[in-house]
Amino acid sequence: MKDVLGSPGTWSGMALRLSQCVSAGGSMAAMATAYGFSNYTAFCYLIASMGLQLLWSLGLACLDIYSLKTKRDLHSPVLVSLFVVGDWVTAILSFAAASASAGVTILFEKDVHFCRMYPQLSCGRYELSVILAFITWSFIATSAVSMFWLLPSL
């Protein structure tokens, strides 16, 4: 069996999952505290996607902690298959939400200049949330590739 960086039940896997939790939580917090985010569908989709990502990553981080504490092996084909599917689904949703929100943010900043015309909009928080969403996606994409790489070796 291969020892892949970020595989379930390892310290690197737990660190990767906790990093996903922190960045997804930060993205949600930045967007939820921004004025007027609920008027735009892409921003609502970002909050929903990051919420799902937070729950998925937190659950797997807890599983990693349990595995490390009890020295249980999480490299069964059924579990790794579940992790692969879950990681790929959440990675695609996170990327779609981050891209849609980035498009709206760029539209507001550069194209229609909403941020100058309506200073009450929290464009800085929109940008911060989008940046954190892309960071979250990079972590989940790393995890998804790691799980996919681990699957054939089982």
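Start by selecting helices α3 and α5, whose crossing is left-handed (the near helix is turned anticlockwise from the far one by less than a right angle; clockwise would be right-handed). This is a predicted model, where local features need pLDDT of at least 70, side-chain atom pairs count only at pLDDT 80 or more, and totals for chains, interfaces and linings use all residues. Residues are numbered from 1 along each chain as its sequence is written, and side-chain values use heavy atoms, with hydrogens and water left out.

To find the pair, pick residues 77-111 for α3 and 123-150 for α5; helices are DSSP runs of H or I, at least four residues, numbered from the N terminus. Their axes come within 8 Å and cross at roughly 155°, which makes α3 roughly antiparallel to α5 (angles over 145 degrees, between N-to-C directions of lines fitted to C-alpha atoms over the stretch in contact). Colour the contact residues by type: 20 are nonpolar, 6 polar and 3 charged (Asp, Glu, Lys and Arg count as charged; Ala, Val, Leu, Ile, Met, Phe, Trp, Tyr, Cys and Pro as nonpolar; the others, Gly among them, as polar).

Next, show G6, P8, G13, R17, L60, L63, D64, F83 and M147, which line the largest cavity. A cavity is a set of points on a 1 Å grid where a 1.4 Å probe fits but cannot get out, and lining residues have an atom within 4 Å of a point. Its volume is about 50 Å³, the space filled by probe spheres set on the points. Helix α2 (41-70) gives the most to this lining, with 3 residues.

How values were computed:
Axes fitted to C-alpha atoms, helices over the stretch in contact; angles between N-to-C directions. Helix = DSSP H or I, 4+ residues; strand = E, 2+ residues; numbered from the N terminus. Parallel < 35°, antiparallel > 145°, perpendicular 65-115°, else oblique. 1 Å grid on protein atoms, 1.4 Å probe; cavity = no way out; pocket = protein on both sides within 12 Å on 5 of 7 lines; lining within 4 Å.
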